[in-house]
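I opened my notebook today to look up pockets, helices and cavities, one at a time. Come along and check each entry against the picture.

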Amino acid sequence: MKLSVPKETSEGERRVALVPEIAKKLSSQEVEVVLESGAGESAHLPDSQYEEAGASLGDGFSGDVVAKVAPPSAEEIGKLSEGTVLIGFLEPLTNGETAKALAQAGVTSFAMEAIPRITRAQAMDALSSQATVGGYRAALILAEELGRFLPMLTTAAGTIKPAKVLVLGAGVAGLQAIATARRLGAVLHAFDVRSAVEEQIQSLGAKFVKLDIGLENAESEGGYARELTEEEQQRQREALADVIGGMDGVISTAAVPGRKAPLLIIEDAVKKMKPGSVIVDLAAETGGNCELTKAGETVIAHDVKIVGPTNLASTMPDHASQLYAKNVQSLVELMVGEDGALKLDFEDEVIKGACITRDGDIVHERAKEAANA
Ligand code: NAD
């Protein structure tokens, strides 16, 4: 089987789908690895390292399997021949046009986002690996943007109180943000609508914020949160406003797959914050958890800085690529038969669950709904 890796072309994307260490492992398993020259450059991985690892340089779209990071552009889809297998982030629940174009091109596509989050597939969980990077970076952005220390300091010039930080949404990114901000010395508070995370929040040394809004547990299938009703959201926003007002910083990561990000921080809550406070809104790309967030920008309102970063994982391309490549390797290994040939077992829960298009159709139910919406 031939696996090829093109250079990412979407704006600001610095990650690469394969790193030399993984290229070497796959090469030793009868997988021929071909890399477009310069594909690893932005992640500080020169062509020579891939060549030393057994890969050759060539057409990144020529493989039986093509591994990418970002969703393919129309031009990139045009380079995929019929029957090619594509692996990457494909935004199956929100990007219907890409799914339609892939189906039309006869590409068999697998979305990293659609890999079932079961124990066996943990090594393929790219949502988690990249959210880990995002959560870490968000805490660093907060530290950088605040005009004050995060830790408590006792100095000859006086004592500094530690900063109070609230993390909204304690999934993979939120938990990593808690851990990172804690290491920097902040006092952490966190809230999530899934009550199962209370223990995880506490085990990281943060205080679980309990909101008296009559919400028991909003966990739905697959361990994800369900979308709250408009009335529940309203009560949540009002209750959160007072909590937010007492914080120096907020990192918000709340998300519901395939939906616009829930609005948790209204302008009134921002008004209640002390001048100089900072909000880092990791949900910026899907509409923002804060009413005032602008994706890709930093807004200052009521003397509060609201940072809306996009594609944070790409700002740390070296390790983000390393983790992503491991996810790709684990998925590719499921696709190779003993003789090294491509073998897709659609009875396999992971292969079946992650497949978006096949034989000219969109085969993933929710992706199909999104494409027809
Ligand atoms: P996500 O990015 O979809 O959402 C981030 C967080 O926002 C979640 O914790 C969610 O509960 C929370 N949220 C949603 N609406 C909210 C609201 N209105 N207010 C506050 N918080 C809100 O989630 P994720 O980080 O991708 O993962 C969520 C969960 O999936 C994990 O915590 C875990 O249970 C499960 N998971 C399982 C595996 C596995 O078993 N292999 C791996 C990773 C994640």
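What volume does the second largest pocket have? I keep in mind that this is a predicted model. I found a volume of about 240 Å³ for the second largest pocket. Its lining is made of 16 residues, and Phe191, Phe208, Leu211, Leu215 and Glu216 are the closest to the centre. I sorted the lining of this pocket by class and got seven nonpolar, six charged and three polar residues.

Next entry: a pair of helices. I looked at helix 1 (residues 20–27) and helix 10 (residues 317–333), whose axes come within 9 Å and cross at roughly 15°. Angles under 35 degrees count as roughly parallel, and helix 1 and helix 10 are therefore roughly parallel to each other. I noted their crossing as right-handed. On the helix 1 side, Ile22, Lys25 and Leu26 make the contact, while helix 10 brings Ala325, Lys326, Gln329, Val332 and Glu333.

Last entry: cavities. How many cavities of 30 Å³ or more does a search of the whole structure find? I wrote down one. The largest cavity holds about 30 Å³ of space. Its lining consists of Leu90, Pro92, Asn95, Thr98, Ala99, Leu102, Ser109 and Ile356. Which helix gives the most to this lining? I found that helix 4 (residues 96–104) does, with three residues. By class, I got five nonpolar and three polar residues around the largest cavity, and no charged ones.

Conventions. Residues numbered from 1 in each chain as written. Predicted model: local features only at pLDDT ≥ 70, side-chain atom pairs only at ≥ 80, totals over all residues. Heavy atoms only, no water. 1 Å grid on protein atoms, 1.4 Å probe; cavity = no way out; pocket = protein on both sides within 12 Å on 5 of 7 lines; lining within 4 Å. Points joined across faces, edges and corners; volume = space filled by probe spheres on them. Nonpolar A, V, L, I, M, F, W, Y, C, P; charged D, E, K, R; others polar. Axes fitted to C-alpha atoms, helices over the stretch in contact; angles between N-to-C directions. Helix = DSSP H or I, 4+ residues; strand = E, 2+ residues; numbered from the N terminus. Parallel < 35°, antiparallel > 145°, perpendicular 65-115°, else oblique. Left-handed = near helix turned anticlockwise from the far one by under 90°. Contact = heavy atoms within 4.5 Å.
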